[in-house]
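Dear colleague,

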Amino acid sequence: EKRAFYKLVSGLHSSIAVHLCSRYLLKEGGVKEDAVWGRNFEEFKRRFSPESTKNEGPERLKNIYFLYLVELRAVEKIAPFLEGLEVGVGDAAGQDEKFRDLAGEVIKTVDSFPSHFDESELFKDETLENKEILKLYKQNFMEISEMMDCLGCERCKVWGKLQVTGVGTALKVLFTPMEDLELTKHEIVALFNALGRHSTSISELEAFREAEEVLATVEVVQEKVEL
């Protein structure tokens, strides 16, 4: 259980790092030219390669997948809860129906996923220690969210707190009996936002991996040419 908390926080931190590497300032803008943003492969290697992280990098990337699985399971679990949800932005604009349609599409995709996270394996023993750890889960995520108030960048603060709230909401969904579960609209928005951000991280990992394979192929070809 303690290890699971570490993996969630590590996954969150690693996901943010992937986003930073994916949209990196490659060249400063000037009077007559725009700044250039794109994927920084050297920075990605620095943060995640076994050589530069004492073999911890690959594990950090695995933790993004773990975090994503937890959120997928939470969305699947609250599917019935979402069916009758009213967004409350006005039926005249058709936003309630639009939200339910979009949520339905997401849930269908989630349902098609073959290997969902099994939350029953965590805290399955009703020991005093496990109950205390579950309380610490909640307390620690609240403290992480409060720490983000110290960030100077308002945009970073908003995105960070939203993702932390999303992860906290996922845990709340998984470890609260459905008959006792109550979610605010902010929590639902945060959960879907976190799921979206972390799914984007995984897509970016595929892009980095494919680019690395292409570069490796080019290097092999160059070596053969030189020979």
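**A buried asparagine and its partner**

The side chain of Asn-63 makes a polar contact with the side chain of Ser-10, at a distance of 2.9 Å. Before going further, please bear in mind that this is a predicted model, and that every value in this message was computed from it. Asn-63 belongs to helix α3, which covers residues 57–77. Is Asn-63 buried or exposed? Asn-63 counts as buried because its relative accessible area is 1%, whereas the cut-off for a buried residue is under 20%. When neighbours within four places in sequence are set aside, the residues in contact with Asn-63 are Tyr-6, Lys-7, Ser-10 and Gly-11.

**The chain as a whole**

The protein chain has 227 residues, of which buried residues make up 36%. If you take the contacts with a separation of 6 or more, 67% of them are between residues 24 or more positions apart.

In soluble globular proteins, nonpolar side chains tend to be buried together. In this model the largest nonpolar core holds 40 residues, and those that touch the most other members are Val-18, Phe-44, Leu-61, Val-70, Val-75, Ile-78 and Leu-82. Two or more residues of this core come from each of α1, α2, α3, α4 (79–83), α5 (95–111), α7 and α8 (185–226). Which element gives the most to this core? That element is α3, with 9 residues. You might look at Phe-44 in particular, which, not counting residues up to four places away in sequence, touches Val-18, Cys-21, Ser-49, Leu-61, Leu-205 and Phe-208.

**The largest pocket**

The largest pocket has a volume of about 620 Å³. It is lined by 16 residues, and among these the closest to the pocket's centre are His-19, Leu-20, Arg-155, Cys-156 and Arg-197. The elements that give two or more residues to this lining are α1 (2–22), β1 (24–27), α2 (41–48) and α7 (154–174), and α7 gives the most, with 5 residues. Sorted by type, the lining residues of the largest pocket divide into 8 nonpolar, 3 polar and 5 charged.

Apart from its neighbours within four places in sequence, Ser-14 is in contact with Phe-48, Arg-60 and Ile-64. Phe-5 lies in helix α1 as well, and with a relative accessible area of 16% Phe-5 is also buried, given that the cut-off is under 20%. How many residues apart in sequence are Phe-5 and Leu-136? They are 131 residues apart along the chain, while their C-alpha atoms are 9.5 Å apart in space.

The loop between α2 and α3 contains Lys-54 and Asn-55. Lys-54 has a phi angle near 55°, and Asn-55 has a phi angle near 70°; each of these is a positive value in a residue other than glycine. Why does Lys-54 count as exposed? Lys-54 counts as exposed because its relative accessibility is 77%, and the cut-off for an exposed residue is over 50%. By the same rule Asn-55, at 60% relative accessibility, counts as exposed.

Asp-118 is found in another loop, the one between α5 and α6 (128–147). Its relative accessibility is 40%, so Asp-118 counts as partly exposed, since that term covers values between the 20% and 50% cut-offs. Although Asp-118 and Leu-69 are 49 residues apart along the chain, their C-alpha atoms are separated by 9.3 Å.

With best wishes

Technical notes:
Residues are numbered from 1 along each chain as its sequence is written. This is a predicted model: local features need pLDDT of at least 70, side-chain atom pairs count only at pLDDT 80 or more; totals for chains, interfaces and linings use all residues. Side-chain values use heavy atoms; hydrogens and water are left out. Helices (H or I, at least four residues) and strands (E, at least two) are DSSP runs, numbered from the N terminus. Buried means under 20% relative accessible area, exposed over 50%, partly exposed in between (1.4 Å probe, protein chains only). A polar contact is a pair of N or O atoms within 3.5 Å; within protein, one must be able to donate a hydrogen and the other to accept it, and residues adjacent in sequence count only if both atoms are side-chain atoms. Contact means heavy atoms within 4.5 Å. On a 1 Å grid over the protein atoms alone, a cavity is a set of points where a 1.4 Å probe fits but cannot get out, and a pocket is an open set with protein on both sides within 12 Å along at least five of seven lines; lining residues have an atom within 4 Å of a point. Grid points are joined across faces, edges and corners, and a volume is the space filled by probe spheres set on the points. Ala, Val, Leu, Ile, Met, Phe, Trp, Tyr, Cys and Pro count as nonpolar, Asp, Glu, Lys and Arg as charged, and the others, Gly among them, as polar. A nonpolar core is a set of buried Ala, Val, Leu, Ile, Met, Phe, Trp, Tyr and Cys residues joined through side-chain atoms within 4.5 Å.
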